[in-house]
Amino acid sequence: MRRVLLKGEPFSEPLPEGFLYHGLSVFTTLRVERGEALWLEEHLYRLRRHAAALGLPYPGDGVFLRDLEALAKEFAHLPCFRLRFTVGEGVWLSEARPYTPPPLAAYEEGVKVALTPYRVHPDLARFKTGNYLPYRLALKEAEGQGAFEGLLQDGEGYVVDGSRTSPLLYREGALFLLEGGLEGITREKVAQAARELGLRVERVRLYPWELPLAAPPPLPPHQALRRRGGEEEGGGGGGVDGGRKREGGKQGHHGGRD
């Protein structure tokens, strides 16, 4: 027998232990504008795939569509809200909360970005799982530096993801997608639109010194040795020039975390 107290009160529906304590879940977040869920089919498809990859039984799209209908009625007075669907071991959750997009200036002028010391999971980085602690810590680190976004690296030192966005790098008429992080749906939509506009889109693996950060922190020893060992700047898998784009560590494009 297991008994759970939530804020000191009995929790009538105890959740599976792996879901409650160990992050054994997958989820997706999406925006609902004027009653329309953006890219709903793509979000449900990714949720199904990620659940299957972790061996979690998927309850079917229908349960989430019904939840969406119910939540949309409750939030009908808002022009926009944020929706989260979660799948665990024999359970699913649907949550909605008000959402205010970033101000227009963030898109026109860019935002401050900070490199953090946190790394994505070596095996699970591509999946949107409940094991989200590195991302939360990276965001906290960035906010402590007055930045909007904190970047995470992988085990080899490549910058692969953002704490709450899927980073994109625009330079000299080309859009670069940082490989190695979450399969971002918004990022792929931006990349698709860029191709339709005639822009070159490339998937790259970049080290911190190849990004337009105003003041990168000192390199960890293994990266410093790799760099001194003859690996040129700009040669970390994508051939992107490492020059500054804007002062203050601002980057002009990012795909919202979804």
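**Close-up views of a predicted model**

View 1. Helices (H or I, at least four residues) and strands (E, at least two) are DSSP runs, numbered from the N terminus. The model is predicted: local features need pLDDT of at least 70 and side-chain atom pairs count only at pLDDT 80 or more, while totals for chains, interfaces and linings use all residues. Residues are numbered from 1 along each chain as its sequence is written, and side-chain values use heavy atoms, with hydrogens and water left out. Serine 25 has a relative accessible area of 5% and is therefore buried (buried means under 20% relative accessible area, exposed over 50%, partly exposed in between, with a 1.4 Å probe and protein chains only). Leaving aside residues up to four places away in sequence, serine 25 touches Phe19, Leu54, Leu56, Thr86, Val87, Gly88, Lys128, Thr129 and Gly130; contact means heavy atoms within 4.5 Å.

**View 2. The salt bridge of glutamate 42 and lysine 189.** Glutamate 42 pairs with lysine 189 in a salt bridge, with 2.8 Å between the closest N and O atoms. The pair links distant parts of the chain, 147 residues apart: glutamate 42 belongs to helix α2 (residues 40–53) and lysine 189 to helix α6 (residues 185–196). A salt bridge is a side-chain nitrogen of Lys or Arg within 4 Å of a carboxyl oxygen of Asp or Glu. Glutamate 42 is partly exposed at 31% relative accessibility, and lysine 189 is partly exposed at 21%. The whole structure holds 13 salt bridges.

**View 3. The salt bridge of glutamate 156 and arginine 205.** Here the closest N and O atoms of glutamate 156 and arginine 205 are 3.3 Å apart, forming a salt bridge. Glutamate 156 lies in the loop between β8 (149–153) and β9 (159–162), and arginine 205 in the loop between β12 (200–204) and α7 (221–228), so the pair ties together parts 49 residues apart in sequence. Both are partly exposed, glutamate 156 with a relative accessible area of 44% and arginine 205 at 26%.

View 4. A salt bridge (3.5 Å, N to O) joins the side chains of glutamate 179 and arginine 203. Because glutamate 179 lies in the loop between β11 (174–178) and α6 and arginine 203 in strand β12, this pair ties together parts 24 residues apart in sequence. Glutamate 179 is partly exposed at 29%, as is arginine 203 at 40%. Salt bridges with shared partners connect Glu179, Arg187, Glu188 and Arg203 into one network.
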